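The following exercises are to be worked through with the sequence and the three-dimensional structure at hand. Each task is followed by a solution in steps.

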Amino acid sequence: MIRRRLAIVVAGFGSFLLLVCALAPLAGSTHVSLTRAFDRSIPFADNVDAQIFFIARLPRVIGAALVGAGLATAGVVFQALLRNPLAAPETLGVSYGASVGAMIAITLLPGTSIAGISTVPLAAFAGSLGALAIVYALSRARSRGMSSTVLLLGGVVLTTFLGAIVNFIQYLADFTQTFRTVRWLMGSLDVGSYGPIVAALVPLALAGVGYATLPRTLDLVTLGPDAASARGVDVARAERLALVSASLSTGAAVSLGGPIGFVGIVVPHLVRMMVGTDHRLVLPGAALFGAAFLIACDLGARTAFAPVELPVGIVTAIIGGPVFLWLLLRRVR
Amino acid sequence: MLQAANVWFSYVASGFSRTRAGPPDGGRHVLSDVSLSVSRGAIVGLLGPNGSGKTTLLRLMSGTLTPDTGTVTLEGRSVGSFSRLDIARRIAVVAQETHSTFDFTALEIVMMGRYPHLGAFELEGPDDLRIARDSLAATGTAAFEPRPFATLSGGEKQRVVIASALAQASEILLLDEPTASLDLGYQFDIIDLLARLNRDRGTTMVVSTHDLNLAASLCSELVLLRRGQVLASGPTADVLTHANMRALYGVDADVSINPRTHRLTVVPVGRAR
């Protein structure tokens, strides 16, 4: 039963993702001929189709897939751990924690790397872990999970506070840098090269390894720490693993695309509506559907006002805001 | 098979988390020098006023908490030396209340009881489904199988949670006030269910309760807890006396054999003066 449902979920969402991946690089303000793009007889420097396809479009699609998967899975994990369907990297302030980390690395340590990995995703990971530690300390102050009011107010306060730090760093930075970071803070997938993607792959792969062991534990944790522990879950260990994995994927996603809003709320909720609440289905479903969702949103951002390309964060906020309000009306008691 | 020997315990509220206290001389103790022995096949009742330490004692016995001093042993070994999975294969716990944030169905809740029997990446097979369905049937909740857990009534939820504990296939069942918040009919259903499990499967149980008649009809032994200390313990008929009820609750109660059931019955008459 669960085996068959898992196969259906992976096949269904997987083929949807493949379809979106295949179509998205072809669409855009300029028509691209695939035959010309892959024609090796034309030198790359003279091949405009190949340049648009491989430099402008493909990294953007791959980046959107990684960011969407990273934010959506982090949302699923936060919702289970905090036992609250409104928890997500964006609502908890974790995205902004990652942004502060990434901005510090971009502004103060430009171009540096540790062990071959760019400092940006590492700093974003550290920032999301720090913000998460604050949220988690708040949630632990109450024994039976956190009320939605405390959770959301805490997220708002944390986001505003971290926003002030972001403004402070920008104020110190020079003008050209500020222009770039402002675009990035709007949530933009204008990656432009494969370097940041490769850098983000490492933390995302680590998060994926952590996520692989988590789903059943998350199911039990939603019943509360005592109920989970009585059924054999080492709750403290599971929470640590889940928080580190979710911070890694949030950090990687934010370092790549900025604090893109609402993906971590909308995608897990839509996936639950389609596959139920079992995290063995929800987590892989959210990874695949999150990737496809953000590619589609970015396609909208690139084409809606062509030739102007909007930051994708504007599109996800326009879709996500109303969905979030609807959830708030339905779920908060 | 499950024993607590000279257990002391206190909660210390420090900042965000509750941590264990130091030696028994500091702080207010939730449990002071409590000893309790549960033999195979027994049903031990824990009685005591609110705040007397019943829930804490159950949490110590399931290894969720660790005593400050003293030992809790399972099959002769310290509970702390077992992994969470090993404990869960031997001891199942039914909490006072279970909440589900997400819309799990009753069957999914019961299937979660199979967790300690599956490997890290193993998915439930037909055997697990059969065990879960048997557990639902044993608690009279088979009809709720596809229903969202959150939509069930208090009594229905409690029986589904007991089914989840049964699916865990453990020899020992710890129940924390299983009939609290249930109406009279469900209270009898739960008592009948527990008696049947004990008779048919030989399940050993520790039950905390405020229901004196549940204790009288179900439990083979009783432990009376007052302010974290054992007031009296032993076979139900020896412990459930007028004098002990007065000392435990400050209540004047008639304890007699009911002529219809031939069992002990406790009728509280009023506050003791």
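**Exercise 1. The build of chain A**

How many helices and how many strands does chain A have?

*Solution.* The structure is a predicted model, in which local features need pLDDT of at least 70 and side-chain atom pairs count only at pLDDT 80 or more, while totals for chains, interfaces and linings use all residues. Residues are numbered from 1 along each chain as its sequence is written, and chains are lettered from A and ligands numbered from 1 in the order in which they are written.

Step 1. Helices (H or I, at least four residues) and strands (E, at least two) are DSSP runs, numbered from the N terminus. On this basis, chain A contains 15 helices and two strands.

Step 2. The radius of gyration is taken over C-alpha atoms, and the globule rule is 2.2 Å times the number of residues to the power 0.38. For 333 residues a compact globule would have a value near 20 Å, and chain A agrees, with 20 Å. Along the principal axes, the C-alpha atoms of chain A fill a box of roughly 65 × 55 × 40 Å.

Step 3. A residue is buried if 20 or more other C-beta atoms lie within 10 Å of its own, exposed if 12 or fewer, and partly exposed in between, with C-beta atoms placed from the backbone. Of the 333 residues in chain A, 53% are buried.

Step 4. Two residues are in contact if their C-beta atoms, placed from the backbone, lie within 7 Å. Among the contacts in chain A with a separation of 6 or more, 79% are between residues 24 or more positions apart.

**Exercise 2. Helix 3 and its partners in chain A**

Describe how helix 3 of chain A packs with helix 12 and with helix 9 of chain A.

*Solution.* Step 1. Axes are lines fitted to C-alpha atoms, for helices over the stretch in contact, and angles run from 0 to 180 degrees between N-to-C directions. Helix 3 (residues 48-81) and helix 12 (residues 235-257) of chain A pack at about 150 degrees, with axes 8 Å apart.

Step 1. Angles under 35 degrees count as roughly parallel, over 145 as roughly antiparallel, 65 to 115 as roughly perpendicular and the rest as oblique. Helix 3 and helix 12 of chain A are therefore roughly antiparallel.

Step 2. A crossing is left-handed if the near helix is turned anticlockwise from the far one by less than a right angle, and right-handed if clockwise. The crossing of helix 3 and helix 12 of chain A is left-handed. Among the residues in this contact are Gly63(A), Leu66(A) and Gly70(A) of helix 3 and Ala242(A), Ser245(A) and Ala246(A) of helix 12.

Step 3. Ala, Val, Leu, Ile, Met, Phe, Trp, Tyr, Cys and Pro count as nonpolar, Asp, Glu, Lys and Arg as charged, and the others, Gly among them, as polar. The contact of helix 3 with helix 12 of chain A has twelve nonpolar, seven polar and one charged residues.

Step 4. The axes of helix 3 and helix 9 (residues 195-212) of chain A come within 11 Å and cross at roughly 30 degrees. This crossing is left-handed as well. Gly63(A), Leu66(A) and Gly70(A) are among the residues of helix 3 that meet helix 9, whose side includes Ala200(A) and Leu204(A). By class, the contact of helix 3 with helix 9 has seven nonpolar, three polar and no charged residues.
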